[in-house]
Amino acid sequence: PKFMEFETAKQSVDFLIAEAGTRKQVHITFFGGETLMNFPLLKKIVDYSREEAAKRGVAIDYSLTTNATLLRPDIIEYLSENAIGVTVSMDGPKELNDQLRVFSNGKGSYDVIVPKVRELLSKHRSRPIAARVTLTNGVRDVIGIFRHLKEEIGFHEVGFAPVTTSPNRLYAIGEKGLDEVLAQFEQLAYEYRDYALRGELHGFSNVSDTLSELHQGISKSHPCGAGLGLLGVGPSGDISPCHRFVDSDDHKLGHVSEGLDRDKQQEFLKHGHIHAKYDCHTCWARPVCAGGCYHEAFVRYGDTGHANLHYCDWIRGWTDLCLRIYGEIATHNPGFLEHFEQRKAA
């Protein structure tokens, strides 16, 4: 229910640029709630941050996530002109999307957002537009969803993530459901391989993200950049490890007006380090996993440093699959891997 004030947003930008150190590029992601509810602030901050970054010789770019309900022609034009990356939260065809993505009156959002999304895709040409699907117990038709969003709607990339929730929720995906999802992921992954061997982009971003990490030789000490190169700032100005923890008092790492509490930051990072997760020490996939998402661990186990043990078989199966696909591409069409060098540079 809160809206961030301009002064807080300015302090966030000042904090970001000051903490950039020797980095030549920084990134701002606008996240909600629904991001476009505060579109006037977004425009002010793009202008302000661009000026401040230029003063310090730092490049800056932007992205946002939206449910697309508030997209308008003027907003689309602005996003395109300013090369702001857009990810649309959408769960596939009408019968699947409208299970959980509904308005307060219970009406589904699909019929409202599809015309807006089509206009976004036709007029926003400066950055690829991605769809982000939340998989739940009732939304597991990965292949059907991918076909609809990629081929019928026209998204450049489609990515999937299982819902983060306690296991007793009705919409939580059980072990059997995860097995079904992984089987469909495997089918799309081999389809991705076939495209890559022909030198074509496929659009299944789950594969692209994993192959990119493998190609760059990443060996993780932590699951992600939370608390390291990534921080979240909520409307209050409190700093959190990432966007999922914003304005959570238990995970506060400081305030944009005062800076990071280095002791709390180090405590968070030490607790989340792979060496502290004893269940992970015998797992061969730990360099690309490092125990899994902090927020997922907190929701499931009440502890950000707990390994996501409920996803272990999933991660090992997925990592093994992507290693095999990477090997085939590296052997038969190594030039395709230059695509991941470009992603790293971006």
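**Side-chain exposure, packing and pairing in a predicted model**

Me: What is the relative accessible area of Glu 200?
Reply: Glu 200 falls in the partly exposed class. In this scheme, buried means under 20% relative accessible area, exposed means over 50%, and partly exposed lies in between, with a 1.4 Å probe and protein chains only. Glu 200 is placed in the middle class because its relative accessible area is 34%.

Me: What pLDDT do local features need in this model?
Reply: Residues are numbered from 1 along each chain as its sequence is written, and side-chain values use heavy atoms, with hydrogens and water left out. The model is predicted: totals for chains, interfaces and linings use all residues, side-chain atom pairs count only at pLDDT 80 or more, and local features need pLDDT of at least 70.

Me: Which residue meets Glu 200 in a salt bridge?
Reply: A salt bridge is a side-chain nitrogen of Lys or Arg within 4 Å of a carboxyl oxygen of Asp or Glu. At 3.3 Å, N to O, the side chain of Glu 200 meets that of Arg 198.

Me: How many residues apart in the chain are Lys 94 and Asp 111?
Reply: The side chains of Lys 94 and Asp 111 form a salt bridge at 2.8 Å, N to O. Lys 94 lies in helix α4 (residues 94-100) and Asp 111 in helix α5 (residues 110-123), so the pair links distant parts of the chain; helices here are DSSP runs of H or I with at least four residues, strands are runs of E with at least two, and both are numbered from the N terminus. Lys 94 is partly exposed at 37%, as is Asp 111 at 47%. The separation between Lys 94 and Asp 111 is 17 residues.

Me: How far apart are the end C-alpha atoms of helix α12?
Reply: Helix α12 covers residues 312-332, which is 21 residues. The expected span of a helix is 1.5 Å times one less than its number of residues. For α12 this rule gives 30 Å, which agrees with the distance between its end C-alpha atoms, 30 Å.

Me: Within what arc do the buried residues of α12 fall?
Reply: The buried residues of α12 are Trp 314, Trp 318, Thr 319, Leu 321, Cys 322, Ile 325, Tyr 326 and Ile 329. They line one face of the helix, because the directions from the helix axis to their C-beta atoms fall within an arc of 165°.

Me: Which residues of α12 on the other side are exposed?
Reply: The buried residues of α12 are covered by elements including α7 (175-197), α8 (205-216) and α10 (286-289). On the other side of α12, the exposed residues are Asp 313 and Thr 331.

Me: Which residues does Leu 182 touch, leaving out those up to four places away in sequence?
Reply: Leu 182 lies in helix α7. With contact taken as heavy atoms within 4.5 Å, Leu 182 touches Trp 314 and Trp 318.

Me: Which residue of β2 is the bridge partner of Thr 29?
Reply: Strand β2 (residues 59-66) is largely enclosed by the rest of the structure, because seven of its eight residues are buried. It pairs with β1 (residues 25-30) in the parallel sense over six bridges; pairing requires that DSSP finds at least two bridges between the strands. Within β2, the bridge partner of Thr 29 is Ser 63.

Me: What is the phi of Ala 68?
Reply: Ala 68 sits in the loop between β2 and α3 (73-81). At 0% relative accessibility, this residue counts as buried. Although Ala 68 is not a glycine, its phi is positive, at about 75°.
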